Amino acid sequence: MESKVSKKKIGLLPKYFKIIGIAVIILAFVPPIIVKSMNIEIIQSQKEFFKLIAFNFFILGLFFIAISRDKIEDEMTIIIRLKSMAFAFSWAVLYVIIKPFVDLLFKDPPQDLTGQGIVMSMLIVYMIIYYLLKKGR
Amino acid sequence: MKNTLKVERAKLNLTQQDLADKIGVSRQTINSIEAERYVPSTVLSIKISEVFKTTVNEIFKLEKDD
């Protein structure tokens with residue numbers, strides 16, 4: 001059930017992309033689990049490569065889940081999506097500003113901000129807010 | 001914005017789900033409109049008025065602070 005208005009206005013992925021997203025997230029954890037469980041010796045550069053791949057797959061999976069259609073997509077869910085995105089954007093701005101100071105106080109040495117970390121936190125915040133607003137309507 | 005959606009629905013003996021199915025939205029959206037937590041778009045307002053065979057102004061009314 002979906003109105004023509006919501007179909008025309010925003011380009012969301014089909015509903016089955018939620019399942020694809022979950023599969024991609026699971027896939028992200030497969031290489032590290034195999035390496036750990038089988039005690040495979042890998043060098044530092046390989047470790048970094050696996051970490052990069054795992055993070056990218058995890059972000060891609062979250063992205064698929066975040067922008068795929070719900071069972072019922074109407075104008076109210078579009079507004080909820082918009083509010084969640086605005087919240088996630090504000091979160092990212094505050095995260096970038098505040099994190100270095102938090103790191104300075106509690107971590108030694110402070111960790112660098114990565115694009116992956118920001119995007120991942122935005123997607124997670126977006127999904128949490130979207131879920132909460134949907135439940136609270 | 002005030003609305004008489006619940007009254008109109010009762011007149012036709014429609015449930016929130018029935019109305020939601022007729023206009024292609026979720027039951028939660030109808031619930032939010034009735035509770036005045038959400039103001040529907042023009043398109044949705046017209047769809048609702050067509051179900052009740054009346055005008056938009058009969059169902060939705062502006063309040064002083066709108």
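Q: Helices (H or I, at least four residues) and strands (E, at least two) are DSSP runs, numbered from the N terminus. Which helix of chain A holds A:Leu104?
A: This is a predicted model: local features need pLDDT of at least 70, side-chain atom pairs count only at pLDDT 80 or more, and totals for chains, interfaces and linings use all residues. Residues are numbered from 1 along each chain as written, while chains are lettered from A and ligands numbered from 1 in written order. A:Leu104 sits in helix H4.

Q: Is A:Leu104 buried or exposed?
A: Count the other C-beta atoms, placed from the backbone, within 10 Å: 20 or more is buried, 12 or fewer exposed, in between partly exposed. A:Leu104 has 11 such neighbours, so it is exposed.

Q: How many Å apart are A:Leu104 and A:Lys135 in space?
A: In sequence, 31 residues separate A:Leu104 from A:Lys135. In space, C-alpha to C-alpha, the gap is 37 Å.

Q: How many Å apart are the end C-alpha atoms of helix H4 of chain A?
A: H4 of chain A covers residues 75–106, which is 32 residues. Expected span is 1.5 Å times one less than the residue count, so 46 Å should result here. The model agrees with that, as the end C-alpha atoms are separated by 44 Å.

Q: Which element gives the largest share of the side of chain B that touches chain A?
A: Chain B puts eleven residues into the contact and chain A puts in nine. On the chain B side, helix H3 (27–34) and helix H4 (42–51) each give two or more residues. The largest share is three residues, and it comes from H3(B).

Q: What pattern does chain B follow along its sequence?
A: Chain B has five helices and two strands. Its C-alpha atoms fill a box of roughly 30 × 20 × 20 Å along the principal axes. Read along the sequence, the pattern is β-α-α-α-α-α-β.

Q: What percentage of the contacts in chain B between residues at least 6 apart join residues at least 24 apart?
A: Chain B has 66 residues, and 23% of them count as buried. Now take its contacts between residues at least 6 apart in sequence. The share joining residues at least 24 apart is 54%.

Q: What is the phi of B:Asn13?
A: B:Asn13 lies in the loop between helix H1 (5–11) and helix H2 (16–23) of chain B. B:Asn13 counts as exposed because it has 7 C-beta neighbours inside 10 Å. Most residues other than glycine have a negative phi. For B:Asn13 phi is positive, near 55 degrees.

Q: Where in chain B is B:Glu36, a residue with positive phi that is not a glycine?
A: Phi of B:Glu36 is about 60 degrees. B:Glu36 has 12 other C-beta atoms within 10 Å, so it is exposed. Its place in chain B is the loop between H3 and H4.

Definitions and conventions: Contact = placed C-beta atoms within 7 Å.
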